[in-house]
Amino acid sequence: MTTTTNSKEEVLIIREQDVVPLRNRVKELGVKLGMSILNQTKLITATSELVRNLLKYGGGGKVIIESVSNGRDNGVRVTFIDNGPGIADISLAMKDGYSTGKSLGLGLPGTKRLVNEFEIKSEPGNGTTVTITKWKNG
């Protein structure tokens, strides 16, 4: 089924202070769509993890927030784009327990479990793009 974008907004993320306004904007969109508290929480948690990765590993970047629909459901799509060093081995990065930092290594695989759709594209030296979608009824 085709996904249609209903609204789109770009947000630059360059410092830690940009995180809370982004989280608030994503929450506002979830509320506007009538998303349950549980699904809002999953979406905001996933957004928080990915925006922190964007800052920590990518040196900041751009986030695109979209209201989307696929004919039967409405949702929020969030795309995180950085120009950092990229991820050499995406399959390794998607394994629980793997971390290049000093974390528990639950970030990317944990985020994937919180959302309905998760896509990651990365090339060493050319940054990383992660796109997540959380559907209202998903």
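Good morning. The model is predicted, so local features need pLDDT of at least 70 and side-chain atom pairs count only at pLDDT 80 or more, while totals for chains, interfaces and linings use all residues. Residues are numbered from 1 along each chain as its sequence is written, and side-chain values use heavy atoms, with hydrogens and water left out.

H1 itself covers residues 19-32; helices here are DSSP runs of H or I with at least four residues, strands are E runs of at least two, and both are numbered from the N terminus. Which residues of H1 are buried? They are Val-19, Leu-22, Val-26, Leu-29 and Gly-30, where buried means under 20% relative accessible area with a 1.4 Å probe, protein chains only. Viewed down the axis of H1, these residues fall within an arc of 100°, so they line one face of the helix; the arc is taken from the directions from the helix axis to the C-beta atoms. Their cover includes strands E1 (4-13), E2 (61-69) and E3 (74-82), together with helix H2 (37-56); contact means heavy atoms within 4.5 Å.

At 7% relative accessibility, Glu-66 counts as buried. Leaving aside neighbours within four places in sequence, Glu-66 is in contact with several residues, among them Leu-29, Thr-5 and Arg-77.

Thank you; I am glad to take questions.

How values were computed:
The expected span of a helix is 1.5 Å times one less than its number of residues. Buried means under 20% relative accessible area, exposed over 50%, partly exposed in between (1.4 Å probe, protein chains only).
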